[in-house]
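This briefing concerns side-chain contacts in a protein chain. Please look at the sequence and the structure below before reading on.

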Amino acid sequence: AVTQIDPYDSKAWVELGQVHRARKEWAAAAEAYVTAGMLGPPASAIGRYMAGLCFRELGQHTLAAFFFKETLEIDPLGFSARDGIRKLSDVGALRALREWGRSTVKL
C-alpha cells in the first residue's frame, strides 16, 4: 500500500524491498530495490546496493556487480558496495571489477 500512495517515492520502494527481503523473496525484493534505484534520491543509492545483494542471493553475480558498481558511482567512498563486489564469484570480468573497486578507493 505504501507504494500506491506515492509510486514515485524511492523510500517507499526500499521499504517494500525490505518486506520482501525479510521473507526471502529475493526476486520481488530486487525488483522493488531496482525501482527505488531508478527513481533517484533520497533512496537511490541504498536501493541499488540492496538490489545488488538480492541479485547475489539469486546467483546473478554479473547483475549484482552492476548494481554494486552503480552504488559506487553515487557514493565513491561506499565500503558496503566495495565489500559486495569483493564477495562476488571469482570470474574474469568480476575479477577486473574487484580490482577496480580496490584501486579507486581514496580515504
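Is Lys69 buried, partly exposed or exposed? Lys69 is partly exposed, with a relative accessible area of 26%; buried means under 20%, exposed over 50% and partly exposed in between, for a 1.4 Å probe and protein chains only. The model is predicted, so local features need pLDDT of at least 70 and side-chain atom pairs pLDDT 80 or more, while totals for chains, interfaces and linings use all residues. Residues are numbered from 1 along each chain as its sequence is written, and side-chain values use heavy atoms, without hydrogens and water.

**Salt bridges**

- The structure holds five salt bridges, each a side-chain nitrogen of Lys or Arg within 4 Å of a carboxyl oxygen of Asp or Glu.
- Arg48 and Glu70 form one of them, at 3.1 Å from N to O.
- This pair links Arg48 in helix 4 with Glu70 in helix 5, 22 residues apart; helices are DSSP runs (H or I, at least four residues) numbered from the N terminus.
- Glu70 also meets Lys69 in a salt bridge of 3.8 Å, N to O.

**Aromatic pairs**

- A search of the whole structure finds three aromatic pairs, in which rings of Phe, Tyr or Trp (its six-membered ring) have centres within 6.5 Å; planes under 30 degrees apart count as stacked, over 60 as edge-to-face and the rest as tilted.
- Tyr49 and Phe68 form a tilted pair, 5.7 Å centre to centre with 45 degrees between the planes.
- Phe68 counts as buried because its relative accessibility is 0%.
- Phe55 and Phe67 are stacked, because their centres are 5.5 Å apart and their planes at 20 degrees.

Conventions
Helices (H or I, at least four residues) and strands (E, at least two) are DSSP runs, numbered from the N terminus.
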